[in-house]
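Q: I have just opened a structure that is new to me. Could you help me learn to read it?

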Amino acid sequence: MKLSLRIVSRSALVGLLLCFAAFVNAASVQQTITLQPGWNAIYVELEPEEKDIAALFAGLPIASVWRWLPDSGGAQFIRDPSEGLENVDGWFAWFPEPRPEAFLTNLFRISGQTAYLVKLEGGTSRQITIVGKPRVLPIAWQSNAFTLTGLPVSPDNPPSFGEFFSASAAHQAQPIYRLNTNGQWQLIDSGSSAAIEPGVAYWVYTAGNSRYQGRMNVVLDRGESVEFGGALDEIQLVLRNRSGVNSSFQVERLTDGALPMLFKVEDAETGEIGWPRFQKTLVLDAPDGADVFLDLGIERSQLSADRMEEIFAITDEFGQRVLVHAGGDSVQPGVAAFAANNGEGAAKAGTGSFAGLWVGEVAINGVSQAQQAGTTPTPTYRPFSQRFMIHVNGVGQARLLKDVIQMWEEGTYVPSSIDPTLNEVDQPGRYVLLTDKSLIGLYEGAANRDGASVGIRYSTIAYDFEGDTLDFNGSFGPGGELSVSIVVGTELPTNPFLHRYHPDHDNKDPEFLNFRAEAYQVVRSVQLVFASEDPLGRDPPGWGDSIVGGTFAEAITGLHKNAIFTSGNFRLRRVSAVATLNQ
């Protein structure tokens with residue numbers, strides 16, 4: 001049995017999604033397996049796009065396909081397939097029509113990272129091609145038992161069994177079985193000098209418990225792939241060297257390199273951090289016994305499709321290889337069109353890309369000397385921060401918020417056109433942002449807390465004004481500028497001069513009956529100037545798309561007889577891509 005891998009990259013139009021067209025640049029791997037006449041022990045390395053067994057093996061003279069699903073006791077024996085597996089607990093099988101055994105079929109789908117026994121009839125070798133994506137799944141070794149599994153090795157220079165298991169005490173001098181050309185399980189041991197074949201399944205015995213994955217171990221920050229969700233810009237991989245010698249790891253793009261990825265570089269002496277573009281190949285030093293941290297990021301501003309994907313291979317110097325799938329979505333594909341359909345008006349070109357809720361900090365590091373009527377801010381001893389929240393709608397209008405709650409609107413369903421006894425989605429569910437508290441009862445919570453469905457609240461005490469929102473003038477985003485006047489009226493409860501119980505500051509006449517302005521009105525004239533490049537020089541993933549920043553300036557009148565001028569910088573991160581408020 002022979003196996004080969006080919007890389008396939010393709011672009012496809014995936015139709016209408018949430019009332020807008022979305023393009024996808026996807027990447028897949030082809031695993032080609034050569035089946036010899038008789039029994040074959042194969043290991044499917046990919047999560048297949050076509051999972052149906054009948055479709056995958058269509059046109060081939062397959063007698064049966066078997067999968068081992070052991071109970072909690074694991075595999076306690078090796079059983080030659082020629083002796084019959086039908087009555088052995090733990091084996092599930094597929095028999096093609098019109099074979100008489102077809103009614104015994106209890107296996108219908110092919111899964112990735114799974115071993116199978118396949119019996120091919122006739123006297124000619126045949127091939128199957130599996131198209132799919134890799135998943136990073138650790139081998140689940142059965143304790144004090146045999147495990148039927150493949151091993152993650154390179155097809156070009158695979159290690160021997162002895163080399164692969166050299167760092168595993170649980171597999172030292174333990175038996176391994178491989179299926180020979182006669183359809184019999186042939187005994188070898190974990191110290192054998194025979195090379196491991198990729199895509200081939202072996203019975204491997206584990207003494208005691210083990211989490212061993214080879215001399216190189218790849219651990220993802222989360223999930224089974226490097227998946228950059230709508231608000232996720234960075235993902236960390238941990239690469240572990242357990243070879244016993246200093247080595248290196250190579251991370252190589254296998255597809256067209258269209259997914260705009262970055263990687264983190266930190267200067268050990270200065271602590272400076274940079275995010276250069278991930279090119280074709282990256283080589284990382286791997287000291288013996290050490291964990292190597294690889295932080296990957298995505299440049300959403302460079303995405304040329306609503307979704308883009310990539311496949312890359314991580315290899316060590318000793319023939320081990322792990323395939324990793326990476327994918328990233330734009331924050332909210334077609335957000336401008338979505339906003340237009342939700343009351344925001346016709347979307348202007350280029351303005352919808354920043355739609356959503358932005359939350360961040362303004363750091364004040366300069367204040368003028370008001371008592372001296374100074375107009376130039378002088379440096380403060382240390383910066384002090386204020387939280388700012390800005391919402392941008394689908395046409396680019398930015399609004400200052402002081403309190404907003406994220407909720408969930410359930411989708412709607414209609415009877416299926418295929419099977420009326422079942423329901424299908426009519427309108428999918430969606431997140432909503434509410435500044436009007438009276439609308440909360442119309443929606444479900446966006447998170448679960450102590451078993452209860454609750455909303456996610458964002459708020460700030462850095463400023464106050466009448467109403468729920470305050471419109472900015474100007475444009476939001478790198479190269480843009482926003483300005484707004486925050487009026488703290490004489491009757492606003494947060495006015496610093498207002499005191500409800502002090503007769504000189506309660507806005508009441510001496511009889512406490514009629515209104516008389518006693519608290520001074522305070523006006524904060526705020527200006528945000530957005531930088532095109534990261535002012536901190538870090539250029540993190542998401543800069544200019546899900547992270548923005550720049551300089552801050554403010555003039556405060558009414559608080560002192562002279563105006564007070566402050567200066568500083570700000571940094572905002574998009575926490576939601578919902579383009580409308582209160583809908």
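This is a predicted model: local features need pLDDT of at least 70, side-chain atom pairs count only at pLDDT 80 or more; totals for chains, interfaces and linings use all residues.

Q: Which value does phi take in alanine 173?
A: Phi of alanine 173 is near 60°, again a positive value in a residue other than glycine. Look for alanine 173 in the loop between α2 (161-164) and β10 (175-179). With a relative accessible area of 71%, alanine 173 is exposed.

Q: Now the backbone links: is the peptide bond from glutamate 97 to proline 98 cis or trans?
A: In general, most peptide bonds are trans. The bond from glutamate 97 to proline 98 is cis, with omega near 5°. Proline 98 sits in the loop between β6 (91-94) and β7 (114-120).

Q: How do I read a buried residue, and what does threonine 566 touch?
A: Check the accessibility, then the neighbours. Threonine 566 counts as buried because its relative accessible area is 7%, and this residue belongs to strand β40 (residues 564-576). Leaving aside residues up to four places away in sequence, threonine 566 touches Ile364, Gly366, Val367, Pro377, Phe552, Ala553 and Glu554.

Q: And charges: which residues gather in a patch of negative charge on the surface?
A: Glu266, Asp267, Glu269 and Glu272 form that patch. Take glutamate 269 as an example: its relative accessibility is 78%, so it counts as exposed. Glutamate 269 lies in the loop between β18 (265-266) and β19 (273-274).

Q: Let's step back: how many helices and strands does the protein have?
A: There are 3 helices and 40 strands. Of the 583 residues, 49% count as buried. The protein exposes about 27900 Å², and carbon and sulfur atoms supply 50% of that area.

Q: What share of the contacts with a separation of 6 or more comes from residues 24 or more positions apart?
A: Such residues account for 70% of those contacts in the protein.

Conventions. Residues are numbered from 1 along each chain as its sequence is written. Side-chain values use heavy atoms; hydrogens and water are left out. Patches are made of residues with over 30% relative accessible area and no salt bridge: like charges are joined within 9 Å, nonpolar side chains (Val, Leu, Ile, Met, Phe, Trp, Tyr) within 5 Å. Accessible areas come from the Shrake-Rupley method with a 1.4 Å probe; for residues, only the protein chains shown count as cover. A salt bridge is a side-chain nitrogen of Lys or Arg within 4 Å of a carboxyl oxygen of Asp or Glu. Lys and Arg count as positive and Asp and Glu as negative; His and the chain ends are not counted. The place of a charge is taken as NZ of Lys, CZ of Arg, CG of Asp or CD of Glu. Helices (H or I, at least four residues) and strands (E, at least two) are DSSP runs, numbered from the N terminus. Buried means under 20% relative accessible area, exposed over 50%, partly exposed in between (1.4 Å probe, protein chains only). Contact means heavy atoms within 4.5 Å.
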